[in-house]
Amino acid sequence: MYEIRPRQKLVQADWISYMAERGRRSHDGALKRFFETPLPDPSTPISDVPMVALDMETTGLDERRHGIISIGAVPFTLNRIKLAQRRYWVIKPPRPLDEASIAYHHITHSEIAHAPDLNAVLDELLATLAGRLVVVHFRNIERPFLDAAVKDRRGEGVMFPMIDTMSLEARLHRQTLWARFRRWLGQPTVSIRLNASRARYGLPGYQGHHALLDALATAELFQAQIAHRYDPDTPLNALWC
C-alpha cells in the first residue's frame with residue numbers, strides 16, 4: 001500500500017505502481033476510473049505524451065482553511081494546444097469570500113452565488129485529467145488543494161504525477177552553481193513566477209490569477225521550456241514529480 005501526503009516526494013519509479021494500487025483500492029467510481037486510466041510509460045519521450053495544463057484559483061494559501069474557487073484545464077501536446085477542449089469552472093468555496101480574496105482573483109460574490117460545489121464538477125474534471133500528464137506552475141498549490149478538497153467530498157484523496165514548470169525554471173535559475181554564486185554575491189534572485197518565466201522565452205504577458213488563462217500560459221511556457229532548454233526526446237520521468 002502506498003501512502004502519499006500532499007507535500008511528500010514520491011520516488012519517480014513508483015508513480016505507475018501507486019496509480020495502479022489506487023485504482024484497485026478506490027471505492028468512488030470516478031476516482032477508480034481516473035486511477036485505472038493508464039498513464040504513459042515513464043520512459044516515453046515527452047513529445048509523445050498527452051498533457052493537460054491545470055490551474056486553480058483559491059481563497060488563500062492553506063488547503064486546511066481555504067478553498068478552490070475556480071479551475072482551468074487546457075489539453076495540449078508539444079505541438080498543439082487544444083483550445084477547443086478547454087474547460088473552466090467557477091466553484092462555490094466552503095466559506096464566504098473575503099475582500100482580499102476578491103481583490104486577488106476578481107471572482108465576486110455574485111459569480112459564486114449559483115456556482116456548483118466542486119463535488120458537482122469533479123467527475124468531469126477527473127475525466128479531463130485521466131490518461132494525461134498534468135502540467136502546473138507551482139504544484140504546492142494545485143496538488144495539496146485538490147487532494148484535500150477531493151478527500152473532503154469523496155472520502156479519499158487524489159494524488160498523481162505532475163510536471164511543474166516552476167520547478168523546471170528553478171533547476172535553471174535557483175539550483176545551479178552559477179545561481180548560488182549570484183546569491184553569494186548578493187545579486188537579486190531570478191523570479192520564477194509565471195509571467196516572469198514566460199518573458200524569458202519571449203512569450204506575452206497575460207492577465208494573471210484567472211485559472212483558464214493561467215492554464216493556457218502554463219501550457220505555452222512548457223512548450224517553450226522544451227524547445228529552448230530540453231529535447232523532445234527527453235523521457236517523461238526526467239520531468240515529472
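Five aromatic pairs are found in the structure, which is a predicted model. In one of them, the ring centres of Phe34 and Phe160 lie 5.5 Å apart with the planes at 70°, so the arrangement is edge-to-face. As for where the partners sit, Phe34 belongs to helix H2 (residues 29-36), while Phe160 is found in the loop between helix H6 (139-154) and strand E5 (162-164). The two residues are 126 positions apart in sequence, so their contact ties together separate parts of the chain. Both Phe34 and Phe160 are buried.

The pair of Phe76 and Phe222 is likewise described by its ring geometry: the centres are 6.4 Å apart and the planes meet at 75°, so this pair is edge-to-face. Here, too, distant parts of the chain are linked, with Phe76 in strand E2 (residues 68-76) and Phe222 in helix H10 (residues 211-229), 146 residues apart. With a relative accessible area of 1%, Phe76 is buried. Phe222 also counts as buried, because its relative accessibility is 0% and the cut-off for burial is under 20%.

Returning to Phe34 and Phe160, these residues take part in one aromatic cluster together with Trp15, Tyr18 and Phe35. The edge-to-face contact between Phe34 and Phe160 can thus be viewed alongside the other members of that cluster, among them Trp15.

A charged side chain also meets an aromatic ring in this model: Arg198 lies over the face of Tyr206, at 4.5 Å from the ring centre.

Notes:
Residues numbered from 1 in each chain as written. Predicted model: local features only at pLDDT ≥ 70, side-chain atom pairs only at ≥ 80, totals over all residues. Heavy atoms only, no water. Phe/Tyr/Trp six-rings, centres within 6.5 Å; stacked < 30°, edge-to-face > 60°. Helix = DSSP H or I, 4+ residues; strand = E, 2+ residues; numbered from the N terminus. Buried < 20%, exposed > 50% of the residue type's maximum accessible area, 1.4 Å probe, protein only. Lys NZ or Arg CZ within 6 Å of the ring centre and 35° of its normal.
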